[in-house]
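Me: I have a model open and would like to talk through its side chains. Can we start with the terms?

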Amino acid sequence: FQNPKTIIILGPNHYEKGNFKVLTSLFSWETPFGQIFPDELIIKDLLAENLVEVDEEVLKNEHAVGALLPFLKFYLPETTIVPLVLSSRLDFEEIGVLAQKLLTYQKEGVVILASIDFSHNLRSKEAQLKDDSTLGLMKSFSYREILTLDDRYLDSPPSLATILMMAEKLGKSRFKVFYHTNSAEIAKNEWLPTTSYFSGAFY
């Protein structure tokens, strides 16, 4: 995508705060490159369907969303966002309903992005093994198995399952890994407890 009108960002509710399983924000966000604004039409549509609830207090502290916004503002200055943080308590059926609704926005100018960390607090070699396992589940669209994984594998199984459901319904059955590493590899110290990362896309 070159000039998306809106990016819908899915990520974890790291601290499981708030009173709803999917939370969002109608605030604009300050970045070093200026403000980035919400897509109010999409957010209000999700609110009307009772799929999300606004919780500014939770969203302002959720780095799964906030960490991306300076980059989006710098490279895509006109893009608006729909930030969605998902509780780990979302079940398979609820994820399916959310994925089906988000598919209705899959038109020209709307991109869905999942902001997920993968394996946590493992040595580099063990993290690689966990990541290989997770990647295999992603490529086979094994939603239910992904939803059983803990943070040794990833921090937001519901976000990943949502993206997988959408990709499968759109006929995007292949996953291209652009980049994969972990914090120990970046620091060049294999004994550090790691967080690992994939950058990739379904096509």
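Reply: A residue is called buried under 20% relative accessible area, exposed over 50%, and partly exposed in between. Note that this is a predicted model.

Me: Ok. Is Glu 94 buried, exposed or partly exposed?

Reply: Glu 94 has a relative accessible area of 29%, so it is partly exposed.

Me: Which side chain does Glu 94 meet in a salt bridge?

Reply: That of Lys 21, at 3.0 Å from N to O. Glu 94 is in helix H5 (residues 92-103) and Lys 21 in the loop between strands E1 and E2, so the pair ties together parts 73 residues apart in sequence. Lys 21 is partly exposed too, at 24% relative accessibility.

Me: How many salt bridges are there?

Reply: The count is 8. Among them is Asp 45 with Lys 101, whose closest N and O atoms are 2.9 Å apart. That pair links distant parts of the chain, with Asp 45 in helix H1 (residues 40-48) and Lys 101 in helix H5, 56 residues apart. Asp 45, Lys 101 and Glu 49 are linked in a network of salt bridges.

Me: And Lys 101, buried or exposed?

Reply: Buried, because its relative accessibility is 15%.

Me: Switching to Glu 56. Where does it lie?

Reply: Glu 56 lies in helix H2 (residues 56-60). Glu 56 is buried and has no salt bridge. Lys 60 has the nearest side chain of opposite charge, 9.3 Å away.

Me: What is Glu 56 in contact with, leaving aside neighbours within four places in sequence?

Reply: Ser 25, Leu 26 and Phe 27.

Me: Which residue forms a salt bridge with Lys 60?

Reply: Glu 57 does, with the closest N and O atoms 3.3 Å apart.

Me: Now the core. Which residues touch the most other members of the largest nonpolar core?

Reply: Ile 8, Leu 46, Leu 84 and Leu 102, out of 41 residues in that core. Helix H8 (residues 157-169) gives the most to this core, with 7 residues. Apart from it lies another core of 14 residues, including Ile 36 and Leu 72.

Terms used:
Residues are numbered from 1 along each chain as its sequence is written. This is a predicted model: local features need pLDDT of at least 70, side-chain atom pairs count only at pLDDT 80 or more; totals for chains, interfaces and linings use all residues. Side-chain values use heavy atoms; hydrogens and water are left out. A nonpolar core is a set of buried Ala, Val, Leu, Ile, Met, Phe, Trp, Tyr and Cys residues joined through side-chain atoms within 4.5 Å. Buried means under 20% relative accessible area, exposed over 50%, partly exposed in between (1.4 Å probe, protein chains only). Helices (H or I, at least four residues) and strands (E, at least two) are DSSP runs, numbered from the N terminus. Lys and Arg count as positive and Asp and Glu as negative; His and the chain ends are not counted. A salt bridge is a side-chain nitrogen of Lys or Arg within 4 Å of a carboxyl oxygen of Asp or Glu. Contact means heavy atoms within 4.5 Å.
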